[in-house]
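Student: I have a model open and want to learn to read it residue by residue. Where do we begin?

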Amino acid sequence: MTEGPVFLTGFMGVGKTRVGRILAQQLGRCFLDTDQMIEQRAGKTIAEIFADEGEAHFRQLERDCVLEICQRPDAVVALGGGAVTRADNVEAVRRAGVLVCLKADVDTIFARVRRRSNRPLLAGLDPQAQRAKIESLLRERAPYYDQAHIELYTTQAQTPEDTAGQLLTLLESYAKN
């Protein structure tokens, strides 16, 4: 298996947290979620951080978490969807471990994120505007997501367990190369 942490990136709703928890269990590693770490440290939700201090402050908190986690070779990490939009985060993550990008098509993401109302970047938008925002952000973030060592599409109607199993196979193949 690969040495160093396994970092999961990708857009909101692609399964980073659910798949990450399962993968961590399969690998006998701890699971860390940068969004949860930030919320615990700030004592407020990400939506509240965005509202109170703004996205730039949130991104700095996220950066601090990323640097800390890079020192944890025993971890599977769900990165926030925008963490890789900072070149310094990508560089640190790629140097420390393996960066995996989970991907899904717009329709799948839209269906998944509509189930939850706590998405700060989509807050207050009607469904049509949410979909347009998802499409725009996906285009904007594509070059960052393309820097991953491994890509895996989660669009198919498979379970998170199936996705984690596929990812485990990809990680084993990656480690051999």
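Tutor: With exposure. Buried means under 20% relative accessible area, exposed means over 50%, and partly exposed is in between. Keep in mind that this is a predicted model.

Student: Then take Gln158. Is Gln158 buried or exposed, or partly exposed?

Tutor: Its relative accessible area is 22%, so Gln158 is partly exposed. Gln158 sits in the loop between β5 (150-153) and α8.

Student: Which residues is Gln158 in contact with, leaving aside neighbours within four places in sequence?

Tutor: Contact means heavy atoms within 4.5 Å. By that rule, Gln158 touches Tyr153, Thr163 and Gln166.

Student: What polar contacts does the side chain of Gln158 make?

Tutor: For a polar contact, look for a pair of N or O atoms within 3.5 Å. The Gln158 side chain meets the side chain of Thr163 at 3.0 Å. It also meets the side chain of Gln166, at 3.2 Å.

Student: And where is Thr154?

Tutor: Thr154 is in the loop between β5 and α8. Its relative accessible area is 3%, so Thr154 is buried.

Student: What does the side chain of Thr154 reach?

Tutor: The backbone oxygen of Val14, at 3.0 Å. Beyond its neighbours within four places in sequence, Thr154 has contacts with Val14, Leu102, Lys103, Ala104, Arg112 and Thr163.

Student: Now helix pairs. How do I read the way α1 and α8 cross?

Tutor: Take the angle between the axes, then the distance. Angles from 65 to 115 degrees count as roughly perpendicular, under 35 as roughly parallel, over 145 as roughly antiparallel, and the rest as oblique. Helix α1 (residues 16-27) and helix α8 (residues 160-176) cross at roughly 55°, and their axes come within 9 Å. The two are therefore oblique to each other. The crossing of α1 and α8 is right-handed.

Student: Which residues make the contact of α1 with α8?

Tutor: From α1, Arg18, Val19, Ile22, Leu23, Gln26 and Leu27. From α8, Pro160, Glu161, Thr163, Ala164, Gly165, Leu167, Leu168 and Leu171. Sorted by class, this contact has nine nonpolar, three polar and two charged residues.

Student: What is the angle between α6 and α7?

Tutor: About 130°, with the axes 10 Å apart. Here α6 covers residues 106-113 and α7 covers residues 127-145. That angle makes α6 oblique to α7. This crossing is right-handed.

Student: Which residues of α6 and α7 make the contact?

Tutor: On the α6 side, Val106, Asp107, Ile109, Phe110 and Val113. On the α7 side, Pro127, Gln130, Arg131, Ile134, Glu135 and Leu138. The classes are seven nonpolar, one polar and three charged.

Student: Which residues of α6 are buried?

Tutor: Thr108, Ile109, Phe110 and Val113. What covers the buried residues of α6 includes α7.

Student: What happens at the start of α6?

Tutor: Look for a side chain that reaches a backbone nitrogen. A side-chain oxygen of Asp105 comes to within 3.2 Å of the backbone nitrogen of Asp107.

Student: One more pair. At what angle do α2 and α4 cross?

Tutor: Roughly 115°. Helix α2 (residues 34-42) and helix α4 (residues 55-69) have axes that come within 9 Å. That makes α2 roughly perpendicular to α4. Their crossing is right-handed.

Student: Which residues of α2 and α4 meet?

Tutor: Thr34, Asp35, Met37, Ile38 and Arg41 of α2 meet Phe58, Leu61, Glu62, Cys65, Glu68 and Ile69 of α4. By class, that contact has six nonpolar, one polar and four charged residues.

Student: Last topic: separation in sequence and in space. How far apart are Ile46 and Gln36?

Tutor: Compare the count along the chain with the C-alpha distance. Ile46 and Gln36 are ten residues apart in sequence and 8.7 Å apart in space. Ile46 lies in helix α3 (residues 46-53). Its relative accessibility is 11%, so Ile46 counts as buried.

Student: And how far apart are Glu91 and Lys44?

Tutor: They are 47 residues apart in sequence, and 28 Å apart from C-alpha to C-alpha. Glu91 is in helix α5 (residues 87-96). With a relative accessible area of 48%, Glu91 is partly exposed.

Conventions. Residues are numbered from 1 along each chain as its sequence is written. This is a predicted model: local features need pLDDT of at least 70, side-chain atom pairs count only at pLDDT 80 or more; totals for chains, interfaces and linings use all residues. Side-chain values use heavy atoms; hydrogens and water are left out. Axes are lines fitted to C-alpha atoms, for helices over the stretch in contact, and angles run from 0 to 180 degrees between N-to-C directions. Helices (H or I, at least four residues) and strands (E, at least two) are DSSP runs, numbered from the N terminus. A crossing is left-handed if the near helix is turned anticlockwise from the far one by less than a right angle, and right-handed if clockwise. Ala, Val, Leu, Ile, Met, Phe, Trp, Tyr, Cys and Pro count as nonpolar, Asp, Glu, Lys and Arg as charged, and the others, Gly among them, as polar. Buried means under 20% relative accessible area, exposed over 50%, partly exposed in between (1.4 Å probe, protein chains only). A polar contact is a pair of N or O atoms within 3.5 Å; within protein, one must be able to donate a hydrogen and the other to accept it, and residues adjacent in sequence count only if both atoms are side-chain atoms.
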